[in-house]
Amino acid sequence: MSVKRWMYQILYRIGAPWEGGVRENLVQLLEHEQRLSPDRQKTVLDMGCGSGTCSVYLAGHGFEVTGVDFTPVALRKAQRAAQEAGVTDRCRFVRADLRSPRIPGVEGTYDLIVDFGTLDDLTGQDRLDMAANITRHSHPGTLVVLWCFYSKGDRSLPLFRYSGVSRALSGLRPGEEQELFGADFEIERLPEPPVDSTMACFLMTRR
């Protein structure tokens, strides 16, 4: 286990700084814009689900969700959250490595894939491998909600400006989303976070 992975275990035990409410982009797309719907996107893959906030939220709205993370501490929290919300029939969690060419417990393709801050926390070949899994588990019409730290990689920025582990050392470069996904997806940058932010959220549609 890398130092970063070890650190994630500790942070989930004490309360990771990114744990909290449901991501605003997801609420906006589902509840306000109706661009997401369990009638159109029945199955969901939550890549890097952490303690399960988004997975449980989507299951509560009728989606069938598979959440994947490598951190057993986070997955135990996610399972408890699903039980408390009464959605264990629509929400299951898998411990796996999202960089692996085969993710045990994740088969076939999904109608909706969400990633809030996992791909951007990987670098090099690890990032390419996870991006390949996003494509591998999608089919024509699949929607992908991809939230990321998004900057030119200014190493002078303070580490905890990013409210996470090693955020100043990762993040997608502007245009990298096209390099990773442009061959297979139509990519729309959502208005929030704003363009001048160090963050971005994309809604991608598989061709």
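Predicted model: local features only at pLDDT ≥ 70, side-chain atom pairs only at ≥ 80, totals over all residues.
User: Where does asparagine 133 sit, and what does its side chain reach?

Analyst: Helices are DSSP runs of H or I with at least four residues and strands are runs of E with at least two, both numbered from the N terminus; asparagine 133 has its place in helix α5. A polar contact is a pair of N or O atoms within 3.5 Å, where within protein one must be able to donate a hydrogen and the other to accept it, and residues adjacent in sequence count only if both atoms are side-chain atoms; here the side chain of asparagine 133 reaches the backbone oxygen of leucine 98 at 2.8 Å. With contact meaning heavy atoms within 4.5 Å, and residues up to four places away in sequence not counted, asparagine 133 touches several residues, among them Met47, Leu98 and Pro101.

User: How many salt bridges are there, and which residue pairs with aspartate 126?

Analyst: A salt bridge is a side-chain nitrogen of Lys or Arg within 4 Å of a carboxyl oxygen of Asp or Glu, and the count by this rule is ten. Aspartate 126 meets arginine 99 in one of them, at 3.1 Å from N to O, and this pair links distant parts of the chain, since aspartate 126 is in helix α5 while arginine 99, 27 residues apart, is in the loop between β3 (91–95) and β4 (110–116). Aspartate 126 is partly exposed, with a relative accessible area of 28%, and arginine 99 is also partly exposed, at 25%.

User: Which residue forms a salt bridge with arginine 127?

Analyst: Arginine 127 is bridged to glutamate 176, with their closest N and O atoms 3.0 Å apart; the pair links helix α5 to helix α6 (residues 176–181) across 49 residues. Both partners are buried, arginine 127 having a relative accessible area of 6%.

Technical notes. Residues numbered from 1 in each chain as written. Heavy atoms only, no water. Buried < 20%, exposed > 50% of the residue type's maximum accessible area, 1.4 Å probe, protein only.
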